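Biologist: Hey, can you walk me through this one? I'd like to pick at a few spots and see what we find.
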Amino acid sequence: MGDISRYGHDGPGSSAFPTARARLAADRADTLTRAAALSRDFDGIVAANALVAVDDEHDPEGGTTAFERAHVAALMAQTREHLEELDRALERLEQGRYGQCEGCGGTIPPERLEIRPAATTCVRCARLRPRRA
């Protein structure tokens, strides 16, 4: 019983990933909690802004409020994207494709999946793929 079993990763096509499933579920629960907190923050910013003058141009706090609202909205979008990545990882797990690199078809190292449970590529392919803006 080596490192592979310890990480819950028996290779591509394996249907037994209890550790990976638990890791994905925990990450998903944390992400849902973060999404709820961000939603409350966003609602608070909008509500606070509704109580003040609507003239952002002459309001010294207008720029700050707009920045905070945009920042929280961007974090909410990132959180939604991460939830989608986790859901796709769970689908791959159910289909027996979890841990298989979408770039080269090789095995994604268990250490990478431990750090990034929703990873779709091995380290080599991730380095070759251009970064998203």
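Biologist: Let's start with aspartate 87. Is it buried, partly exposed or exposed?
Modeller: Aspartate 87 is partly exposed, with a relative accessible area of 28%. Keep in mind that this is a predicted model.

Biologist: Which residue does aspartate 87 form a salt bridge with?
Modeller: Arginine 28 is the partner, and the closest N and O atoms of the two are 2.6 Å apart. The pair links distant parts of the chain, since arginine 28 sits in helix α2 and aspartate 87 in helix α3, 59 residues apart.

Biologist: Why can two side chains pair up like that?
Modeller: Side chains of opposite charge can pair when their charged atoms come close.

Biologist: And how exposed is arginine 28?
Modeller: Arginine 28 has a relative accessible area of 26%, so it counts as partly exposed.

Biologist: What else does arginine 28 touch?
Modeller: Leaving out residues up to four places away in sequence, arginine 28 touches Leu83, Leu86, Asp87 and Leu90.

Biologist: OK, you mentioned Leu86. Is leucine 86 buried or exposed?
Modeller: Leucine 86 has 0% relative accessibility, so it counts as buried. It lies in helix α3.

Biologist: What is leucine 86 in contact with?
Modeller: Setting aside neighbours within four places in sequence, leucine 86 is in contact with Leu24, Asp27, Arg28, Thr31 and Ala118. Take aspartate 27: it is 59 residues from leucine 86 along the chain, yet their C-alpha atoms are separated by 7.9 Å.

Biologist: Let's zoom in on α2. How many residues does α2 have, and how far does it reach?
Modeller: Helix α2 has 33 residues and reaches 48 Å from its first C-alpha to its last, close to the 48 Å expected at 1.5 Å a residue.

Biologist: Which residues of α2 are buried?
Modeller: They are Ala20, Arg23, Leu24, Asp27, Thr31, Leu38, Ile45 and Asn49.

Biologist: Why would residues three or four places apart point the same way in a helix?
Modeller: An α-helix has 3.6 residues a turn, so residues three or four places apart point the same way.

Biologist: What touches Ile45 and Asn49?
Modeller: Threonine 65 touches both of them, not counting residues up to four places away in sequence. Threonine 65 is in helix α3 and is buried, with a relative accessible area of 15%.

Biologist: Now the nonpolar core. Which residues of the largest one touch the most other members?
Modeller: The largest nonpolar core has 13 residues, and Leu24, Ala89, Leu93, Tyr98, Cys101 and Leu113 touch the most other members. The elements giving two or more residues to this core are α2 (18-50) and α3 (62-95). The largest share, 3 residues, comes from α3.

Biologist: Switching to cysteines: how many disulfides does the structure hold?
Modeller: It holds 0 disulfides. Cysteine 104 is in none, and the nearest cysteine sulfur, that of cysteine 101, is 3.8 Å away. Cysteine 125 is in none either, with the sulfur of cysteine 101 again the nearest, 3.6 Å away.

Biologist: Are cysteine 104 and cysteine 125 buried or partly exposed?
Modeller: Cysteine 104 is partly exposed, with a relative accessible area of 46%. Cysteine 125 counts as buried at 11% relative accessibility.

Biologist: Last one, zooming out. How many helices and strands does the protein chain have?
Modeller: The protein chain has 5 helices and 0 strands, so along the sequence the pattern reads α-α-α-α-α. Buried residues make up 31% of its 133 residues.

Technical notes:
Residues are numbered from 1 along each chain as its sequence is written. This is a predicted model: local features need pLDDT of at least 70, side-chain atom pairs count only at pLDDT 80 or more; totals for chains, interfaces and linings use all residues. Side-chain values use heavy atoms; hydrogens and water are left out. A nonpolar core is a set of buried Ala, Val, Leu, Ile, Met, Phe, Trp, Tyr and Cys residues joined through side-chain atoms within 4.5 Å. Buried means under 20% relative accessible area, exposed over 50%, partly exposed in between (1.4 Å probe, protein chains only). Helices (H or I, at least four residues) and strands (E, at least two) are DSSP runs, numbered from the N terminus. Contact means heavy atoms within 4.5 Å. The expected span of a helix is 1.5 Å times one less than its number of residues. A salt bridge is a side-chain nitrogen of Lys or Arg within 4 Å of a carboxyl oxygen of Asp or Glu. A disulfide is a pair of cysteine sulfur atoms within 2.5 Å.
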